[in-house]
Amino acid sequence: MSNVYQGDRIIENGPRRAAFEVKYAWEGLSKDYRETRTFTLDAGSQLFRADSQISVDGRPVQVTVASGVATRGSDMRARSADAGRWVSYWGRIDDAGRGL
C-alpha cells in the first residue's frame, strides 16, 4: 500500500452496480491535502467511472487534471469523444486486437 492510503469503503455492491471509495492524505506538507476517489462500475459496461474530491486544509478545491495516452506504434489509434470525457486506445499488437 502507498503511504498516502487512508482507507476504503464499499458504497454499493449490487447486481447492477458496484461502487467504492478510497481515501488518500498527503501528510508532512505545508498544507493538508486529501482526496476521496470514488469508482463506479455498471454491469454490462467495459468502462468504469472515477470521481475525485480534493481538499486543501479541509476546504474543497477544483484542480486541473491532465492525462495522456502513450502511443506504441503506427497501428494504434487514440480517439476521444463526448467533449473529451472519454478516451480510447485501440490497435493490433502481436496480431491480436487490443484496447485500453
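Modeller: I10 has a relative accessible area of 58% and therefore counts as exposed; in these terms, exposed means over 50%, buried means under 20%, and partly exposed lies in between, for a 1.4 Å probe and protein chains only. The model is a predicted one, in which local features need pLDDT of at least 70 and side-chain atom pairs count only at pLDDT 80 or more, while totals for chains, interfaces and linings use all residues. Residues are numbered from 1 along each chain as its sequence is written, and side-chain values use heavy atoms, with hydrogens and water left out.

I10 belongs to strand β1. Strands are DSSP runs of E with at least two residues, helices are runs of H or I with at least four, and both are numbered from the N terminus. Together with F20, L41 and F48, I10 makes a nonpolar surface patch of about 400 Å². A patch of this kind joins nonpolar side chains (Val, Leu, Ile, Met, Phe, Trp, Tyr) within 5 Å, like charges being joined within 9 Å, and takes in residues with over 30% relative accessible area and no salt bridge. The areas come from the Shrake-Rupley method with a 1.4 Å probe, and for residues only the protein chains shown count as cover.

D8 is also found in strand β1, which covers residues 5-13. With a relative accessibility of 53%, D8 counts as exposed. Residues up to four places away in sequence set aside, D8 touches E21 and V22, where a contact means heavy atoms within 4.5 Å. The C-alpha atoms of D8 and K23 are 6.1 Å apart, although 15 residues separate the pair in sequence.

E21 lies in strand β2, residues 17-26. Its relative accessible area is 10%, so E21 is buried. Beyond four places in sequence, the contacts of E21 are G7, D8, R9, I11, T36, R37 and T38.

R37 leads on to the charged pairs. A salt bridge here is a side-chain nitrogen of Lys or Arg within 4 Å of a carboxyl oxygen of Asp or Glu, and by this rule the count comes to 5. In one of them, R37 pairs with E35, the closest N and O atoms being 2.9 Å apart. R37 is partly exposed at 27% relative accessibility, whereas E35, at 7%, is buried.

R17 and D42 form another salt bridge, with their closest N and O atoms 2.6 Å apart. D42 lies in strand β3 (residues 33-42) and R17 in strand β2, so this pair ties together parts that are 25 residues apart in sequence. D42 is partly exposed at 34% relative accessibility, and R17 is partly exposed at 35%. Between R49 and D51, the salt bridge has its closest N and O atoms 2.8 Å apart; R49 is partly exposed at 47% and D51 is partly exposed at 29%.

As for the whole chain, the secondary structure comes to 0 helices and 8 strands. Buried residues make up 16% of the 100 residues. Of the contacts with a separation of 6 or more, 10% join residues 24 or more positions apart. The chain exposes about 8,400 Å², of which carbon and sulfur atoms supply 48%.
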